[in-house]
Amino acid sequence: AVIDAVVAAMSSMGNAGRGANEASLSASRIIYDTRERLAKLFGAENPKQIVFTMNSTESLNIAIKGLIEPGDHVITTMLEHNSVLRPLYEMEERGAKLTIIKADKQGNFSLEDMEAAITPKTKLLVLPFPNNPTGAIMEKSDLEKIAEVIKKHDIFVLSDEIYSELTYLEKHVTIASLPGMWERTIVINGFSKSHAMTGWRLGYACGPRVIIEQMLKIHQFAI
């Protein structure tokens, strides 16, 4: 189905937003329809709360670099993929503070360790679940406990959910769907894993419109 759709697009679609001809307008409509579908999937109020990127790695980079400033504090875990750690280390060199909390052999970290790491300067918690490479997942009950701490301390969450469709024991739950979390969560995802399209490099981010609009600016000037 993916290959058929791509062949059809290459055969008949134009460049979205680059003309008033039917081929270009058709491409724009299809992209907007995709935005609407993703917005509905994540519970976004507006399709403009979705930004498409070259891949989820770009989404992670522009989210971190667009949100974190010198003096800000970020918490993540030792489970992070290098696509998250690289921009975090870069921001640390620019003056941000980074705390990496430990995890056990099953890929779980302590809620007490997470809350103990929070300071008045903490702006962001990065969650890598479902996790690469450990395969660890977060159940809804785990996320609810984390959400209460996040709301208590008024910080943001960057949730890397690229493996959300590859969970088999229980259905994946995004922390953004929990009460009070949508307005403070940036969800990162893409089509590489869910549609077996790793070479196509298609990702997206979903979150509060004020943040997504700034991420879009970085994306437009970087690509």
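By class, the lining of the second largest cavity has six nonpolar, two polar and one charged residues. Keep in mind as you read that this is a predicted model.

**Cavities**

- The structure holds three cavities of 30 Å³ or more.
- Around the largest cavity you will find Phe-129, Pro-130, Ile-137, Met-138, Glu-139, Lys-140, Thr-167, Glu-170, Lys-171, His-172 and Val-173.
- Sorted by class, that lining of the largest cavity comes to five nonpolar, two polar and four charged residues.
- The residues lining the second largest cavity include Leu-127, Leu-143, Ser-159, Glu-161 and Ile-175.
- Phe-129, Met-138, His-172 and Val-173 line the largest cavity, and these four residues line the second largest cavity too.

- The largest pocket has a volume of about 1,300 Å³.
- Of the 30 residues that line the largest pocket, Ile-30, Ile-31, Thr-34, Phe-52 and Leu-202 are the closest to its centre.
- Which elements each supply at least two residues of the lining of the largest pocket? They are helix H1 (2-12), helix H2 (22-42), strand E1 (50-53) and helix H7 (209-222).
- H2 gives the most to the lining of the largest pocket, with eight residues.
- By class, the largest pocket is lined by 18 nonpolar, ten polar and two charged residues.
- The second largest pocket has a volume of about 380 Å³.
- Leu-41, Phe-42, Ser-164, Glu-165 and His-172 are the closest to the centre of the second largest pocket, out of the 18 residues that line it.
- H2 and strand E6 (185-190) each supply at least two residues of the lining of the second largest pocket, and H2 gives the most there, with three residues.
- The lining of the second largest pocket has six nonpolar, nine polar and three charged residues.

**Helix H6**

- Helix H6 (residues 140-153) has 14 residues. From its first C-alpha to its last, H6 reaches 20 Å, close to the 20 Å expected at 1.5 Å a residue.
- Which residues in H6 are buried? They are Leu-143, Ile-146, Ala-147, Val-149 and Ile-150.
- Seen down the axis of H6, the buried residues fall within an arc of 165°, so they line one face of the helix.
- After H6 comes Asp-154, whose phi is positive, near 55°.

**Ile-64**

- Look for Ile-64 in helix H3 (residues 56-67).
- Is Ile-64 buried or exposed? Ile-64 counts as buried because its relative accessibility is 0%, and buried means under 20%.
- Leaving out residues up to four places away in sequence, Ile-64 touches Val-84, Pro-87, Leu-88, Met-91 and Leu-158.
- Ile-64 and Leu-25 are 39 residues apart in sequence, and their C-alpha atoms are 33 Å apart in space.

Technical notes:
Residues are numbered from 1 along each chain as its sequence is written. This is a predicted model: local features need pLDDT of at least 70, side-chain atom pairs count only at pLDDT 80 or more; totals for chains, interfaces and linings use all residues. Side-chain values use heavy atoms; hydrogens and water are left out. On a 1 Å grid over the protein atoms alone, a cavity is a set of points where a 1.4 Å probe fits but cannot get out, and a pocket is an open set with protein on both sides within 12 Å along at least five of seven lines; lining residues have an atom within 4 Å of a point. Grid points are joined across faces, edges and corners, and a volume is the space filled by probe spheres set on the points. Ala, Val, Leu, Ile, Met, Phe, Trp, Tyr, Cys and Pro count as nonpolar, Asp, Glu, Lys and Arg as charged, and the others, Gly among them, as polar. Helices (H or I, at least four residues) and strands (E, at least two) are DSSP runs, numbered from the N terminus. Buried means under 20% relative accessible area, exposed over 50%, partly exposed in between (1.4 Å probe, protein chains only). Contact means heavy atoms within 4.5 Å. The expected span of a helix is 1.5 Å times one less than its number of residues. The arc is that of the directions from the helix axis to the C-beta atoms.
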